[in-house]
Amino acid sequence: MLKLEEQQFLGEASCALSEIITKSNRSLTLDLTHGEEYTGLSCPQNCGRLALHAEECISSKTAAEMILRCSELEHKNLFSRTDPFLVISRYVDGGLSIPVCKTEVIRSDLKPTWKPVFLNIQQVGSKDSPLVIECFNFNSSGKHDLIGKLKKSLLDLEKLHSSGTGENLALPTAAGDKILKSQLFVDTFSESTQHTFLDYLAAGFEVNFMVAVDFTASNGNPRLPDSLHYIDPSGRPNAYQRAILEVGEVLQFYDSDRRFPAWGFGARPIDGPVCHCFNLNGSSTYCEVEGIQGIMMAYTSALLNVSLAGPTLFGPVISNAAQIAGQSLANGHHRYFVLLIITDGVVTDLQETKDALVKASDLPLSILIVGVGGADFKEMEVLDADKGERLESSNGRVATRDIVQFVPFRDVQNGEISVVQELLAELPTQFLSYMRSRDIRPSY
């Protein structure tokens, strides 16, 4: 309600939220500055200090864990079997419903296995708040067919489990709800404490950052201004530098030693063959660099010491990252790894990449992919399992979880959402899905 233009400006400060919450007491003190807009003001040089403290606002960490199963589902596809999944929504004012949970797609060509569902009780209101449970048939087009639905609270679902009985689904029609033979069963129901991302950080878990940069020839000659790798003398960062800076400046605070593995791929080192995973720092023995500025310096130096080549292969860098994550897991370290891949083109070794990702889905690893330039990245979206279908390897193995987030840089660089927001939106969920799948709990 204050008119700020009438108040005396004392100073300003900025930081990443991750810088506060990774402190042992979640507190941080910053020096206040005048800022660029106020450099002409006659203010004392010492503007004071600002103390910040962060707390997680969540009243309940109690969650209901259930395995929901449907039987006798109607076949929606004439020439194929049904691939069902469930969407659970809560009611809000005005009769609207908001999705709070979606189960995995049950693949008809595999042995049907209904996976556990976790619902935070605070998230749905209370145990007696009404929920809408809808069963859909998955379509790769994204237009999923409604098989049937029902309305139940968590209390109702708990009673279904206790009784061992099922509840019939209904299908809305113009003449009213049609009761179906299809039934919903609650095979398991239990309540447990669901630890949050911040709980793990407070217990000493770390998130370690890694980066891989595309040096294929399709990026253009780095010496020319139209190249995606062009280093602007004015200091304006190119798309690769922006992605490294924006993501790295958030993730660096989750990493205590701030030594980051950094690789390049798709280039020919001086007097050598094309390499699909080389150390960005030029070393033949170690891949780590010091801090985000170390990545930036290694990237600039590499542009002067390699020849851009091709093709675009992700398999080798993903395998390298997975090896580091696997070694850390074997040594009992409380670490989770995030690999940022920045590329200008569609991956050439798509199946090999899928194989590497399926294998890596068992490890404490997430992979962020940023597509820069004007290429058509539709094929890349196959790697990001946001539409519900898990990746499958060449030998038929399905990924245990979704570990990929893909974002075309052009989709966010002119919008209100930053690359960081879009890329990191799923990271806490991926982190928690790994910890819960392994039953790893924070110990203080």
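The chain has 11 helices and 19 strands; helices are DSSP runs of H or I with at least four residues, and strands are E runs of at least two, numbered from the N terminus. This is a predicted model, in which local features need pLDDT of at least 70 and side-chain atom pairs count only at pLDDT 80 or more, while totals for chains, interfaces and linings use all residues. Residues are numbered from 1 along each chain as its sequence is written, and side-chain values use heavy atoms, with hydrogens and water left out.

Along the principal axes, the C-alpha atoms fill a box of roughly 70 × 60 × 45 Å. Of the 444 residues, 46% are buried (under 20% relative accessible area, 1.4 Å probe, protein chains only). Among contacts (heavy atoms within 4.5 Å) between residues at least 6 apart in sequence, 70% join residues at least 24 apart.

The side chains comprise 39 positive and 55 negative ones, and the centres of the two sets lie 6 Å apart. Lys and Arg count as positive and Asp and Glu as negative, with His and the chain ends not counted.

The largest pocket holds about 1800 Å³ of space. Its lining has 46 residues, and Phe118, Thr429, Leu432, Ser433 and Arg436 are the closest to its centre.

With eight residues, α11 gives the most to the lining of the largest pocket. A pocket is an open set of points on a 1 Å grid over the protein atoms alone, where a 1.4 Å probe fits, with protein on both sides within 12 Å along at least five of seven lines; lining residues have an atom within 4 Å of a point.

Note on methods. Buried < 20%, exposed > 50% of the residue type's maximum accessible area, 1.4 Å probe, protein only. Charge placed at Lys NZ, Arg CZ, Asp CG, Glu CD. Points joined across faces, edges and corners; volume = space filled by probe spheres on them.
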